[in-house]
Amino acid sequence: YTSRLSSAASDVYKRQAIRFQWHAQPAVRADLEQLKQIIPARTTMYHFPPRHNSIYYLLETYSASPYGYVYFLPELQEIAWEDCRYVICLQGDLDETDRRYWSEIGRDVVERLLTEQGFERSNDVPLRTMRLWRRSE
């Protein structure tokens with residue numbers, strides 16, 4: 001009885017730990033695997049909201065931010081968009097902090113700015129939890 005209980009508790013703990021690791025959620029992980037096939041390693045990019053720096057490690061990319069791997073970006077008009085080839089806008093499996101970021105900044109504002117800065121939304125692969133924007137060639 002005790003071993004079954006501890007095994008069940010262990011399974012619950014593992015599921016909760018995965019939930020707190022944004023990039024370990026199944027839908028997010030599947031999207032990141034697809035993006036890894038599209039975005040070349042050592043590419044500079046941004047992602048919004050800027051809290052999930054694991055994305056750079058998992059995709060083997062670099063942040064285009066002059067501040068490095070931080071949990072914020074400068075004001076949108078201060079971002080050096082020309083240093084960036086890709087932008088990922090996270091859409092799903094977001095926590096309250098991420099949702100608050102989007103409500104304060106405005107996803108439509110960011111996406112309109114990306115278009116103005118010469119980015120196009122990529123539909124190369126179906127992504128469930130994020131949108132990929134690529135600099136127009």
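This is a working chat about the predicted model shown above.

Biologist: Start me off. How many helices and strands does the protein chain have?

Modeller: Five helices and five strands. This is a predicted model, remember. Along the sequence, the pattern reads α-α-β-α-β-β-α-α-β-β.

Biologist: And how much of the chain is buried?

Modeller: Of its 137 residues, 40% count as buried. The chain exposes about 8,400 Å². Carbon and sulfur atoms supply 50% of that area.

Biologist: Walk me through the pairings. Strand 1 with strand 3, parallel or antiparallel?

Modeller: Parallel, over four bridges. Tyr 46 has Val 87 in strand 3 as its bridge partner.

Biologist: And strand 3 with strand 5, parallel or antiparallel?

Modeller: Antiparallel, over five bridges. Leu 90 stands opposite Met 130 of strand 5.

Biologist: How many bridges join strand 4 to strand 5?

Modeller: Four, and those two strands run antiparallel. Arg 121 has Trp 133 in strand 5 as its bridge partner.

Biologist: Back to strand 3. How many of its residues are buried?

Modeller: Five of its five. Both faces are covered. Tyr 86, Ile 88 and Leu 90 are buried on one side. Val 87 and Cys 89 are buried on the other.

Biologist: Switching to helix 5. Which residues are buried there?

Modeller: Val 110, Glu 111, Leu 113 and Leu 114, in a helix that spans residues 107-116. Seen down the helix axis, they fall within an arc of 160°, so they line one face.

Biologist: A glutamate in that set, noted. What's exposed on the face turned away?

Modeller: Asp 108 and Glu 116.

Biologist: What covers the buried residues of helix 5?

Modeller: The cover includes strand 1 (44-48), strand 3 (86-90), strand 4 (119-122) and strand 5 (130-135). Helix 4 (96-105) is also part of the cover.

Biologist: Then helix 4. Which of its residues are buried?

Modeller: Asp 98, Tyr 101 and Trp 102. Their arc around the axis is only 95°, which puts them on the same side of helix 4. Ser 103 and Glu 104 are exposed on the other side.

Biologist: What covers that buried set?

Modeller: Strand 1, strand 3 and helix 5 are included in the cover.

Biologist: How about the helix ends? What caps the N-terminal end of helix 4?

Modeller: Asp 95 does. One of its side-chain oxygens lies 3.2 Å from the backbone nitrogen of Thr 97.

Biologist: And which residue takes a positive phi just after helix 4?

Modeller: Gly 106, with a phi of about 95°. Helix 5 is followed by Gly 118, whose phi is positive too, near 90°.

Biologist: I care about His 47. Where does it lie?

Modeller: In strand 1.

Biologist: Is His 47 buried or exposed?

Modeller: Buried, with a relative accessible area of 1%.

Biologist: What does its side chain reach?

Modeller: The His 47 side chain reaches the backbone oxygen of His 52 at 3.1 Å. A polar contact of 3.2 Å also joins the side chains of His 47 and Tyr 56.

Biologist: Last one, Arg 85. Where's its place?

Modeller: In the loop between strand 2 and strand 3. Arg 85 is partly exposed, with a relative accessible area of 41%.

Biologist: What does Arg 85 touch, leaving out residues up to four places away in sequence?

Modeller: Pro 40, Thr 43, Thr 44, Phe 119, Trp 133, Arg 134 and Arg 135. The Trp 133 in that list is also the bridge partner of Arg 121.

Biologist: What separates the C-alpha atoms of Arg 85 and Ile 39?

Modeller: 9.1 Å, with the two residues 46 apart along the chain.

Notes. Residues numbered from 1 in each chain as written. Predicted model: local features only at pLDDT ≥ 70, side-chain atom pairs only at ≥ 80, totals over all residues. Heavy atoms only, no water. Buried < 20%, exposed > 50% of the residue type's maximum accessible area, 1.4 Å probe, protein only. Arc of directions from axis to C-beta. Contact = heavy atoms within 4.5 Å. Areas by Shrake-Rupley, 256 points an atom, 1.4 Å probe, with all protein chains shown as cover. Polar contact = N/O pair within 3.5 Å; in protein donor to acceptor, adjacent residues only side chain to side chain. Pairing = 2+ DSSP bridges.
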